[in-house]
There are 4 protein chains.
Amino acid sequence: MHFAFDPDTERRVETLRAFVTDEVDAALPQFDSEVADLGDRWAWSTVPVLQGLRERGRELGLWNAFLPGGRGAGLTNLQYAPLAEVTGRSIRLAPAALNCAAPDTGNMEVLAQFGTPEQQEQWLEPLLRGEIRSAFAMTEPDVASSDATNIGLRIERQGDEYVINGRKWWITGAMNPECAVLIVMGKTDPSADRHRQQSMVLVPRDTPGLEVVRGMEVFGYDDHDHGGHAELRFTDVRVPASNLVGEEGGGFAIAQARLGPGRIHHCMRSIGLAEVAIEAMCRRASGRVAFGRPIADQGVVRDWIAESRVRVEQLRLLVLKTAWLMDTVGNKGAHSEIQAIKIATPKTVEWILDKAIQTHGAAGLSQDHELALAFAGIRTLRFADGPDEVHKNALAKAELRRHTKTLDPRGAVSTPATPATKEN
Amino acid sequence: MHFAFDPDTERRVETLRAFVTDEVDAALPQFDSEVADLGDRWAWSTVPVLQGLRERGRELGLWNAFLPGGRGAGLTNLQYAPLAEVTGRSIRLAPAALNCAAPDTGNMEVLAQFGTPEQQEQWLEPLLRGEIRSAFAMTEPDVASSDATNIGLRIERQGDEYVINGRKWWITGAMNPECAVLIVMGKTDPSADRHRQQSMVLVPRDTPGLEVVRGMEVFGYDDHDHGGHAELRFTDVRVPASNLVGEEGGGFAIAQARLGPGRIHHCMRSIGLAEVAIEAMCRRASGRVAFGRPIADQGVVRDWIAESRVRVEQLRLLVLKTAWLMDTVGNKGAHSEIQAIKIATPKTVEWILDKAIQTHGAAGLSQDHELALAFAGIRTLRFADGPDEVHKNALAKAELRRHTKTLDPRGAVSTPATPATKEN
Amino acid sequence: MHFAFDPDTERRVETLRAFVTDEVDAALPQFDSEVADLGDRWAWSTVPVLQGLRERGRELGLWNAFLPGGRGAGLTNLQYAPLAEVTGRSIRLAPAALNCAAPDTGNMEVLAQFGTPEQQEQWLEPLLRGEIRSAFAMTEPDVASSDATNIGLRIERQGDEYVINGRKWWITGAMNPECAVLIVMGKTDPSADRHRQQSMVLVPRDTPGLEVVRGMEVFGYDDHDHGGHAELRFTDVRVPASNLVGEEGGGFAIAQARLGPGRIHHCMRSIGLAEVAIEAMCRRASGRVAFGRPIADQGVVRDWIAESRVRVEQLRLLVLKTAWLMDTVGNKGAHSEIQAIKIATPKTVEWILDKAIQTHGAAGLSQDHELALAFAGIRTLRFADGPDEVHKNALAKAELRRHTKTLDPRGAVSTPATPATKEN
Amino acid sequence: MHFAFDPDTERRVETLRAFVTDEVDAALPQFDSEVADLGDRWAWSTVPVLQGLRERGRELGLWNAFLPGGRGAGLTNLQYAPLAEVTGRSIRLAPAALNCAAPDTGNMEVLAQFGTPEQQEQWLEPLLRGEIRSAFAMTEPDVASSDATNIGLRIERQGDEYVINGRKWWITGAMNPECAVLIVMGKTDPSADRHRQQSMVLVPRDTPGLEVVRGMEVFGYDDHDHGGHAELRFTDVRVPASNLVGEEGGGFAIAQARLGPGRIHHCMRSIGLAEVAIEAMCRRASGRVAFGRPIADQGVVRDWIAESRVRVEQLRLLVLKTAWLMDTVGNKGAHSEIQAIKIATPKTVEWILDKAIQTHGAAGLSQDHELALAFAGIRTLRFADGPDEVHKNALAKAELRRHTKTLDPRGAVSTPATPATKEN
């Protein structure tokens, strides 16, 4: 066990950190101005300044850094994780500058792992080159989407086609005009086993019958920076049968496989955000004077700062260990940890953001800082991939099983799980 | 000691509750549509449907219900408090329908108590009739406004005029075209004693040199429903010396006097909001099915509901007791309690709103419910009139004094303060 | 609605406060020394100094203050509540000095309400005179006693006798040699309806077959000051059929009736304890110097003090309102509130005690202060009458029902419940 | 970075785990019985069963496992850490069975590092062989010991002797008759610089003038299992000048050096305790039925279990990283992390113990489980080496400095500290 990154990773982190601080952060005012000039705020990804940053991301060798294997940068989850943290420090542009922004990342992973050569040629390649963008359509209105059997969108085979009818919402990125394709989860066989009813199909964004009903807002934000969160209606949407991703009935399994790496990315980016918030809190506390002293002298503010540091250090280690487990024993072996970071991250980072906001006074809630925007984003993570409560319940069940079924009285290993013990 | 309202108050509460449920809530869609048609979203208070509601508010005898004495409905703080709670249940329109919306309420109180007959004639009367609206300009950018000595806006006497220079922000209502006048707090004598440097003057909204720089946003909301929160620049703004409110150097004392009743109103409205959130949480939990059962069957959701009920019951009693103390021993005698409700209310209601949101899934953060909007509003209360931490510090100091200076060893009375013991 | 006690109550509170401070607290060293000299630490209630205090309690007219009606002091729950708070300030002796100590109080209430004239003559009268003490045997080992149907102790009718077999534990007071009688809850008819299976019988302490197995400890305390908490074994214990309390199958109903007033007593005493803890925290913080300043200057300590004050004020009001409801609409009408104070009190007071301990450093955990002892006592309240979680669950169910069954859309009254609305 | 222990460590952990489960835990009843037969409960370390376990500890090669270098087992902090966790699973006997019990461990470290050859011969060797025990006398009554300048015990040089006068308390182990020597911290030069006033001297336990005043209790426990916590009075206690440890004025520096490894031991043992508590909670929840279902089915209990797992995983990683930092960049380089684990550990483990207790009902507070005893022990850690608040304050200061003094705008490294970056 040791806790230092390998030198290559250290070097990449330094390179990325310099890029983010010196170029990406510095480009934000121009980005905002170019988006304002566009006339279509959803088309944020088309503006010249971002194209320049993307060019630089390629030059630095960090393009598609998230993607393991030959198609991406060839990094492990553990090697990518600290890079994801740094992109979280400039969350509006840095992920996009490296072609590492959700939901494209997960979609590229799905296509790389489950796509046919034709699907990869048609959709994966342009995504990898950053020429198009995509969306992932899973969540539905009116039902608890954390329970996959609740999914109501219907995908019916008719001859050589699939016909799709139903509704989705919170489909991030779908309102970006560069979004060319959606991976859509729906039911192909409602009579199959609980986890074999669902399939995924590729639906080009301009297919007739696919309609954007409206954009969902989060705390008043329309999140046009991410291509918004669309509510979609599918009315007799027809795609060729060859648009099926993987096999019929395989939708649930693909969704599960998609979860793990995305969770690491989300969590590390959130930690980057938390670090930015702590720095902002410290600077504000040092610079702000009330009743004759900087508020950094107030014990309560110091308590917030110390707690923030202590919490974020623990959280980061758990996320990194999870990445390492995924690299060494696979997503399945890291199942409990993947749940654990989903539970721990939003709660911890939300707490830190709340304190950073409080340190900034009302300004902390306004457009003058990005703290409130960050809070809104992190708040949604308490629902993303199902509410925290669902994950806690599942984690507790596993823990209960572990301590009550044990045949060997010494079986419940409490020391850090290693690959070997993890497999049991 | 007893815990029932007098029958007249009960009757008024029932009347208002019926009005709010049957008429105000029912009018919201039309209100939104009329505001949308206006072309000027800040001018919300001019739309016909609100005028109709205001007419009804007058008919029901609840017009200006907040204002004690002959000019208003003649109610005590304790009698008005439950009415404020009911208006909190429909926060966007109900306060306005009764001419009981901040910041007009506090401004009317100031004018009623400290205004000259001419000032009352010119500004108080049309405010009471609901013909104009007003704003209160105290908070400033760049300084900790919870420390009154930090106030930087300058009010200088030049002959028969006051000349005003400086900046203000978070000035709620100032962007409403019906806003005719602002009460502006500034420094008339920086060399005077700490709490005698400030004065308040009346500044008509259209005075040359007074400029709206921009609207502040809270999370992503512009709060146009409240006339927004303006950042203002005062450049050589001139008003007649007769626009002074009260005496020179009296600004701090007026600000303090203005606090008490407003605090009660805010807190009771927040409690009304909390009740609406609890109801929404219960209904959602009962109607939403996950994994085969309504989520109301989940122990964690029940824990939230029970905690919400237990917390809000305690909170309401404290606010009502504070109102009673203000009625019986005055704002000064109720000083600690007025601080206590400022500390307790936002925290409690924010917690309840968070749980209500979580129960609603991502929809709870969206424009489909008003929970996120309510959360944003309550979150600002943790800064309003100074951050919670300032109030906790002051309350603790008083408590420390009480227990360490006592001459009589039995002096520290821990039973509920009565008027008599309160005076000590 | 108003928040002052009536003058008679105020006067009684002042009398009791003087008595507790000047006489009861002052007697503690002598009490400890007399108990040490006894040779039997369980027989604490027999020492002369306590007899003297009891004599004084009678003279002051506060003897049996807890008991409504002619047999006691004739006070309402609301009138007794502030007296209970004051006895909580000197929890080891003050309740006993007034003959207001649990479990005798609840037992006297049961005998006064459900006892036959013979039972009252034999047991109630000497209890009221303070000549004997008693215990209440309900909780059992091995089962969740919060679920009454789990009760396993068997009470079988055989001719003119009841024969009792089974085990009980946590039977407070049973190890005091002055304990003359136990009220024992058991099953008379396991085949009856869920809540009609149980009955209560009077069992003289010296009945053959009744055996003290051991004393239970709480943290490391044996609580001999309260007569300990005994584990008891009943082996063919025989009592005359006339020892039945109330009717056969009435045990559950009596247990419910016994709960309400005892809950008020417990909660108010706990609030008295919290006030003592706040005072101790303030004095310690003012007197203790670290790093050159009294720790009262530390923001975190002030935060604790302010939070303690704000929480205890809210809590007291809720308990007092509950007492008032019991007086006006009965225990049944106050059902939800009786649950609410059970949930709120231990949690709040435990939090305050924890902070008071932390302010005292390690000394706060030691025998030099009574804070750790108090913490242990309050911690048990999170289990007393069933764990908090059971009560939260029940309260949430009622809340859910209230908001989902409503026929009248305006029916969910959120303003403070009055007797009239409470009856609905 | 990787998260598996080396194979030797894995093997040692398995060996120790088997020993603790099969032999140490199994020996507890006999240990209790032998101590009861002793007649002197403080002399616990002399009983035969413990001698046998110590013999086994030696055979297994785990004797003095805590001590780095040739005198101990030669393990790094990171290699010893998981062993400390396992000893925490059987906290009453396992540390003693390996001669790894506080305060002897810290004292052996001090003597190994700062002792003269004569001091090592006289005291360190018998300690290493387990023939004697020792105590560490630093904390004093009446002052805040977290501030070293508050120390009042006087050590005066008179000719060839030091003369010691003053008081100490909470001196763990001093009441054990096997305790042969104390390391005593006191002031040799009150006029020196703040951190150069203190020195440490060795005081044999039987030196005239050294008197045990009493044993301190923690929540009613006398902790005789650890040799109690003595209050000591030093009256003209004379020791030869050669008993000075290190140099005059070096006391503060030695105390600081002693802190780091002890902190790791404490924290890892606490984590072992937390794991035992989680297991107990799971077993109890699975076995306990209320209202017809095991309480493991209750959502709130599952929430506790999941939170416990998520929190303890994060905590362990932070402690292990701290151990690794101490091994690679030294105690000074690990300064912030050593503070962080002091802040995080007691709070986290106390929370878990509270939930484990709650799951057990009142039995959880009693002598039938060791949960309440464990809670008491962990509660004291919130004071050990100074209250948490002192450490939070210091950590926050460092964090504030880091973010406000930065010359290089990219200097604030938020990725996990590596040795290289740590040195900056």
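## The interface between chains C and B

In this predicted model, 64 residues of chain C are in contact with 64 residues of chain B. Together the two chains bury about 6,200 Å² between them, and 64% of that area lies on carbon and sulfur atoms.

## What chain C contributes

On the side of chain C that touches chain B, at least two residues each are supplied by helix 1 (7-38), helix 3 (77-88), helix 7 (251-287), helix 8 (299-333), helix 9 (335-359) and helix 11 (388-404) of chain C. The largest share, 17 residues, comes from helix 8. Sorted by class, this side of chain C has 31 nonpolar, 10 polar and 23 charged residues.

## Symmetry of the pair

Chain C is superposed on chain B, with an RMSD of 0.0 Å, by a rotation of 180° with 0.0 Å of shift along its axis; the two copies are thus related as by a two-fold rotation axis. The C-alpha of chain C nearest that axis belongs to Q314(C) and lies 2.4 Å from it. Because 100% of the interface residues of chain C are also interface residues in chain B, the copies meet through the same surface.

## An annotated domain in chain A

For chain A, an unreviewed UniProt entry places the feature "domain: Acyl-CoA oxidase/dehydrogenase middle" at residues 135-237. Over this stretch the chain is 0% helix and 50% strand, with its end C-alpha atoms 16 Å apart.

Methods. Residues numbered from 1 in each chain as written. Chains lettered and ligands numbered in written order. Predicted model: local features only at pLDDT ≥ 70, side-chain atom pairs only at ≥ 80, totals over all residues. Heavy atoms only, no water. Least-squares fit on C-alpha atoms with pLDDT ≥ 70 in both. Contact = heavy atoms within 4.5 Å. UniProt positions renumbered as here; feature names shortened; annotations may be inferred. Helix = DSSP H or I, 4+ residues; strand = E, 2+ residues; numbered from the N terminus. Buried area = accessible area lost by both parts, 1.4 Å probe. Nonpolar A, V, L, I, M, F, W, Y, C, P; charged D, E, K, R; others polar.
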